[in-house]
Structures are given as structure tokens and as C-alpha cells.
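Dear colleague,

Please find below the structure that I am handing over to you. My findings follow it.

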Amino acid sequence: MVTTQHPFTLLLLLPLAVIGIFSSSSQVSATNVRIEQFSSPFSTDLATLQSQIGYNFTNINLLRRAMTHASFSQENNKALSIFGSHLIETSVSLHLLSKDIDTSSKALTRLIAEVSSVDSSCALDGNRLGLERVIRVSPKTDASNSAIVCGGFRAIFGAVAVDSGLVDEAMKVFWRVHGGPGGRLVVSML
């Protein structure tokens with residue numbers, strides 16, 4: 001028997017006693033133990049977002065980071081957003097040039113600018129996904145700001161590329177999101 005003068009010691013020893021009881025019983029098995037995973041609203045939002053974009057992350061922490069603004073944490077979506085922006089530009093260029101190799105550089109530049117524009121396309125696609133409700137920002141920051149929504153939208157594709165190890169996978173997800181039902185003007189321009 002353990003005697004102690006500190007009540008917390010007894011609390012710490014109690015789980016060990018319970019484990020000892022269960023491990024000595026031959027009737028208790030691992031199938032009888034039920035562990036429920038905690039689900040936060042943010043985790044639920046990430047699950048919904050994965051469903052919307054048609055891609056399930058192997059490393060969900062990449063999507064968490066993609067949905068985290070710099071005002072919220074030092075571990076944020078800045079680098080993924082830059083990568084995603086380049087992926088979107090490359091995807092639009094490839095799509096347009098594969099349809100018409102004689103496309104002028106001026107038309108290509110205009111189309112890339114249109115897709116990359118915070119106000120015309122990028123933020124609208126992000127709003128269609130409801131990113132303003134998902135992106136984590138500081139209390140003093142407005143998550144519905146177009147630049148923040150656009151940054152999160154771009155970061156998704158950077159995160160997909162890193163998660164899958166494939167730029168092509170990120171491009172497929174972009175076209176599924178951008179060109180799917182309710183897709184923006186670029187699909188019609190291409």
C-alpha cells in the first residue's frame with residue numbers, strides 16, 4: 001500500500017492500478033476499448049474542404065497550414081500560397097497553349113493576370129469554397145478580405161502538390177475547383 005502526504009500522487013498512481021487490473025484479466029481485449037477522436041469545428045471544416053476540392057490529404061497538416069494566415073501563426077500559408085500561385089499560372093499557360101500554340105504572349109499574359117487577380121477570379125473561387133469561414137486569422141484580421149481568401153485559395157494547390165509530390169495532381173484539383181460547376185470566366189475563355 002502506498003502512503004503519501006500529497007493527494008496528487010494518488011491520482012497519478014490510479015491509472016497504473018487500473019491498467020494493472022485490466023492487463024491481468026483475460027476477458028478484456030483491445031476490441032472492448034473504444035477511443036473516440038476529438039473533432040473540432042476547424043477539423044470538420046477541413047474535412048468538408050477536402051470533399052469540395054475532391055482531394056484527400058495524406059498529411060492533413062499541410063491543409064491546416066494552407067488555411068492559416070500569417071496573422072494567426074508563424075506556421076502559415078505564405079510559402080504554399082506563392083507555390084500555388086505559380087502552379088495556377090503554369091496550369092493556365094499549359095491549358096491555353098495546348099489548345100492553341102499560336103496564342104499571343106499578350107493574350108497569355110492577360111489570361112494569367114485574370115486568373116491570378118485577387119478581385120476577379122482567385123478570391124471568387126475561394127469564396128465559392130467558403131474559405132472566409134475556414135481560414136484561421138487573428139481576432140483583429142478580417143478573414144473575408146479578398147487578399148486573405150485568395151492567399152488561402154492559392155495555398156490549397158501548393159499543399160496538394162507537396163502532399164502528393166505531383167504538380168499534375170495540384171493542376172487537376174485546380175481545374176476541378178475553378179472549372180467545375182459555377183467555375184469562373186477562364187474556362188469560357190479557354
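The notes below cover a helix contact and then the salt bridges. Please bear in mind that this is a predicted model.

Helix 4 (residues 78–99) and helix 8 (residues 167–178) have axes that come within 10 Å of each other and cross at roughly 80 degrees. Because angles of 65 to 115 degrees count as roughly perpendicular, helix 4 is roughly perpendicular to helix 8. On the side of helix 4, the contact involves Leu 87, Ile 88, Thr 90, Ser 91, Val 92, Leu 94 and His 95. Their partners in helix 8 are Val 167, Ala 170, Met 171, Phe 174 and Trp 175. Of the residues in this contact, 9 are nonpolar, 3 are polar and none is charged.

Turning to charged pairs, the structure contains 3 salt bridges.

In one of them, Glu 75 pairs with Arg 65, with 4.0 Å between the closest N and O atoms. This pair links distant parts of the chain, since Arg 65 lies in helix 3 (60–66) and Glu 75 in the loop between helix 3 and helix 4, 10 residues apart. Glu 75 is exposed at 53% relative accessibility, and Arg 65 is partly exposed at 34%.

Another joins Asp 125 and Arg 128, at 2.6 Å from N to O. Both residues are in helix 6 (residues 118–128), and being 3 residues apart they are separated by about one helical turn. Asp 125 is buried, with a relative accessible area of 1%, whereas Arg 128 is partly exposed at 36%.

Glu 132 and Arg 133 also form a salt bridge, their closest N and O atoms lying 3.1 Å apart. Here Glu 132 is partly exposed at 22% and Arg 133 is exposed at 62%.

With kind regards

Conventions:
Residues numbered from 1 in each chain as written. Predicted model: local features only at pLDDT ≥ 70, side-chain atom pairs only at ≥ 80, totals over all residues. Heavy atoms only, no water. Axes fitted to C-alpha atoms, helices over the stretch in contact; angles between N-to-C directions. Helix = DSSP H or I, 4+ residues; strand = E, 2+ residues; numbered from the N terminus. Parallel < 35°, antiparallel > 145°, perpendicular 65-115°, else oblique. Contact = heavy atoms within 4.5 Å. Nonpolar A, V, L, I, M, F, W, Y, C, P; charged D, E, K, R; others polar. Salt bridge = Lys/Arg side-chain N within 4 Å of Asp/Glu carboxyl O. Buried < 20%, exposed > 50% of the residue type's maximum accessible area, 1.4 Å probe, protein only.
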